Amino acid sequence: MIKFQTNIVGRNKAGERDCKVRQKRILVACEFSGRVRDAFLDRGFDAISCDLRPSDSDRGKSRHYQGNVLDIIGDEWDLVIAHPECTYLCNSGVRWLHTQPGRWMKMIQAAMFFRMCLEANAAHVCVENPIPHCYAMEIIEEPYSQIIQPWQYGHGETKATCFWLRNLPQLQPTNVVPGREGRIHRLPPGPNRSKLRSMTYEGVALAFADQWGAHLNKESGFTSANNKRVQLLCDSCKRRVPFCHWYDDGQRIVRYLTCDGFSATEPVL
Ligand SMILES: C[S@@+](CC[C@H](N)C(=O)[O-])C[C@H]1O[C@@H](n2cnc3c(N)ncnc32)[C@H](O)[C@@H]1O
């Protein structure tokens, strides 16, 4: 009986079936909402979030590291998406830099933390932040790769958001909708206002997982359209076997392993 290391079956770069293709490891740094992490988990990726705060979502109990992301950012990741604090870096706060004591040093620390996220030990990296001021840019050194708006992803609000991308394609708009009100005006006053304001839009989280998830799969030769896991039993031993969905020549099929190590296929209606 073959012991499988992973419950994903894929193909290697030569296009051969390869039951050792491991799930891609994704770190969503500085995320308490779990929105990006859960979007990747739903697509079958091995994703975790990390924040100093506890995770807001139920899955956070097992898929969240509560602590300093610098503890784990040097581990080996396939993709890191980071949302570092913008308070001391963004253009809208630049006026306080010269008036509030201590603010300058906090800005330098925040920009250095930003750079560490950009230097994550990953083949693919995205760091997200609002438009930075020129002092932060002097430390970050790299210009942002693209700016997006929530109204391009199904939310009728404005909030210019920049991405610094390493080895990732630009994120394409998924659902352009009317409505151009600033996000801050739509949120009720209260103690949670800034927390709510900082949460990643769901439409953007889904676009990350759909587009960059597909990019990662394509790169490894794993062409799954939806590698969500469900239970499938081996024909002979009736134990659970690893399997996945993918497209072959435009036809959606299921491939799975039997306990003999053979790959069986069947069409999915
Ligand atoms: C702008 S918020 C991003 C929220 C995110 N978009 C979400 O949907 O949860 C920045 C987050 O970075 C976290 N943070 C700041 N320093 C951190 C560190 N050293 N390690 C991990 N998280 C950190 C904060 O606790 C805060 O929740």
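Is R35 buried, partly exposed or exposed? R35 is partly exposed, at 24% relative accessibility. Here, buried means under 20% relative accessible area, exposed means over 50%, and partly exposed lies in between (1.4 Å probe, protein chains only).

## Basis

This is a predicted model, in which local features need pLDDT of at least 70, side-chain atom pairs count only at pLDDT 80 or more, and totals for chains, interfaces and linings use all residues. Residues are numbered from 1 along each chain as its sequence is written, and side-chain values use heavy atoms, without hydrogens or water.

## Salt bridges

The structure holds ten salt bridges. Each is a side-chain nitrogen of Lys or Arg within 4 Å of a carboxyl oxygen of Asp or Glu.

## E202 and R35

E202 pairs with R35; their closest N and O atoms are 3.6 Å apart. E202 lies in helix α7 (residues 202-220) and R35 in helix α1 (residues 35-42), so the bridge ties together parts 167 residues apart in sequence. Helices are DSSP runs (H or I, at least four residues) and strands are runs of E (at least two), numbered from the N terminus. E202 is partly exposed, with a relative accessible area of 45%.

## D42 and R59

D42 and R59 form a salt bridge at 3.0 Å, N to O. D42 sits in helix α1, and R59 in the loop between β4 (46-51) and α2 (60-63), 17 residues apart. D42 is partly exposed at 34%. R59 is partly exposed at 33%.

## R115 and E141

R115 bridges to E141, with the closest N and O atoms 3.7 Å apart. E141 is exposed, at 59% relative accessibility. Salt bridges with shared partners also join R37, D38, D42 and R59 into one network.
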